[in-house]
Amino acid sequence: MLFTDGAAFIEERTGIPVLGVVPLLRDLALDQEDNVNCDRRRQVPFGADRVNIVVVLWPRMINFTDFNHLAEEEDVALRYATTSGDLAGADVIVPPGTKNTIQDLRYLGQAGFTEAIREHVARRREVIGICGGYQMMGRSFADPDWVESGGIAAGFDLLNVITRSLTNKVTRLVEADPLHFDVETSSSVRGYVIHMGETQRGDARPCFHVCSARAASDRQERSCDVSTDGPVSADGMVWGTYIHGLFDRAGFRRAWLNRIRVRRGLPPVDIERSERFTQRLSKELDRWADHLNNHLNVNLPFGRPS
């Protein structure tokens with residue numbers, strides 16, 4: 001194998017076995033690292049026959065992979081917005097996750113996004129907040145323990161919730177059923193939550209029934225803390241959630257997109273078109289796993305000898 005001498009040198013110097021050398025695998029279509037694809041999606045044109053979605057690209061955005069499955073749908077035009085003018089013509093605006101809720105809230109106000117999002121809602125168009133974006137959509141966000149940058153900031157006041165940051169981080173894998181609109185197909189979502197805030201939901205009804213959850217560090221499947229997630233406005237057009245990976249499953253993704261299509265006067269699209277993309281991604285994951293299996297000796301013991 002190429003680099004055999006290098007592997008032997010590393011093992012001799014560290015006392016730790018080298019599993020192998022992984023060659024470059026070309027044209028592997030897996031999720032990108034963070035914002036690597038954002039530039040090419042800033043100028044995506046909207047279409048009269050598409051579901052037009054805008055993700056607000058604020059300075060501290062994280063969890064970019066939340067939108068990969070949506071962006072690959074043939075009937076979707078998804079763009080990242082760096083100015084409030086980029087929101088024009090959107091069917092849906094998505095405030096995404098953030099590393100610092102208060103600082104990005106201030107940025108949105110200074111850049112004119114806050115007023116533009118409120119005008120979007122006034123025209124009865126949809127807004128979805130995910131994680132930090134969900135926190136921003138409430139009445140206020142407080143950070144008394146300086147977990148992020150300290151202080152308190154007013155939110156968009158689109159949902160009757162208030163959020164306070166916590167010093168401990170919540171990390172869980174979840175599966176949930178939607179409660180905020182009717183669906184005819186299997187539409188549960190499977191994803192994860194990772195945040196450091198506690199959101200108190202007022203009188204708004206929840207978005208999801210969390211039917212199973214487990215700590216991200218648990219290796220065994222087990223139910224824990226089964227509850228509800230997120231609020232939805234009375235008209236169903238504004239909602240928020242802590243669940244990342246919300247659109248990864250074809251059933252929920254297509255049911256939600258078809259709801260927007262019907263609202264726009266467009267015919268619904270068969271779920272098979274969404275399932276084809278999901279299956280294509282699964283094949284790419286299998287291709288990567290086979291590549292690793294062919295080039296790594298995963299049966300070697302780990303750890304430095306005592």
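This is a predicted model: local features need pLDDT of at least 70, side-chain atom pairs count only at pLDDT 80 or more; totals for chains, interfaces and linings use all residues.

Biologist: OK, switching to the core. Which residues have the most contacts inside the largest nonpolar one?

Modeller: That core has 60 residues, and the ones with the most contacts inside it are Ile53, Leu78, Leu87, Phe208, Trp239, Phe252 and Trp256.

Biologist: What does Ile53 touch, leaving out residues up to four places away in sequence?

Modeller: Its partners include Leu78 and Trp256, which are also on that list of residues with the most contacts in the core. Ile53 also touches Phe46 and Arg79, among others.

Biologist: Where does the charged end of Arg79 sit?

Modeller: Over the ring of Phe46, 3.7 Å from the ring centre.

Biologist: Let's do rings, then. How many aromatic pairs are there in the whole structure?

Modeller: Eight. One of them is Phe64 with Tyr80, a tilted pair with 6.3 Å between centres and 50 degrees between planes.

Biologist: Where do Phe64 and Tyr80 lie?

Modeller: Phe64 is in the loop between strand S2 (61-62) and helix H2 (68-72), while Tyr80 is in strand S3 (residues 76-81), so the pair ties together parts 16 residues apart in sequence. Phe64 is buried at 5% relative accessible area, and Tyr80 is buried at 3% relative accessibility.

Biologist: What about Phe208 and Trp239, why is that pair called edge-to-face?

Modeller: Their planes are at 65 degrees, with the centres 6.2 Å apart. The cut-off for edge-to-face is over 60 degrees, so the pair qualifies. Phe208 lies in strand S11 (residues 205-215) and Trp239 in strand S13 (residues 238-241), so this pair ties together parts 31 residues apart in sequence. Both residues are buried.

Biologist: Last topic: where is Ser149?

Modeller: Ser149 is in the loop between strand S7 (140-143) and strand S8 (151-154). With a relative accessible area of 16%, Ser149 counts as buried, because the cut-off is under 20%.

Biologist: What does the side chain of Ser149 make a polar contact with?

Modeller: The side chain of Asn100, at 3.3 Å. Beyond its neighbours within four places in sequence, Ser149 is also in contact with Ile102, Gln103 and Asp143.

Terms used: Residues are numbered from 1 along each chain as its sequence is written. Side-chain values use heavy atoms; hydrogens and water are left out. Helices (H or I, at least four residues) and strands (E, at least two) are DSSP runs, numbered from the N terminus. Buried means under 20% relative accessible area, exposed over 50%, partly exposed in between (1.4 Å probe, protein chains only). A polar contact is a pair of N or O atoms within 3.5 Å; within protein, one must be able to donate a hydrogen and the other to accept it, and residues adjacent in sequence count only if both atoms are side-chain atoms. Contact means heavy atoms within 4.5 Å. A nonpolar core is a set of buried Ala, Val, Leu, Ile, Met, Phe, Trp, Tyr and Cys residues joined through side-chain atoms within 4.5 Å. Rings of Phe, Tyr and Trp (its six-membered ring) pair if their centres lie within 6.5 Å; planes under 30 degrees apart count as stacked, over 60 as edge-to-face and the rest as tilted. A charge sits over a ring if NZ of Lys or CZ of Arg is within 6 Å of the ring centre and within 35 degrees of the ring normal.
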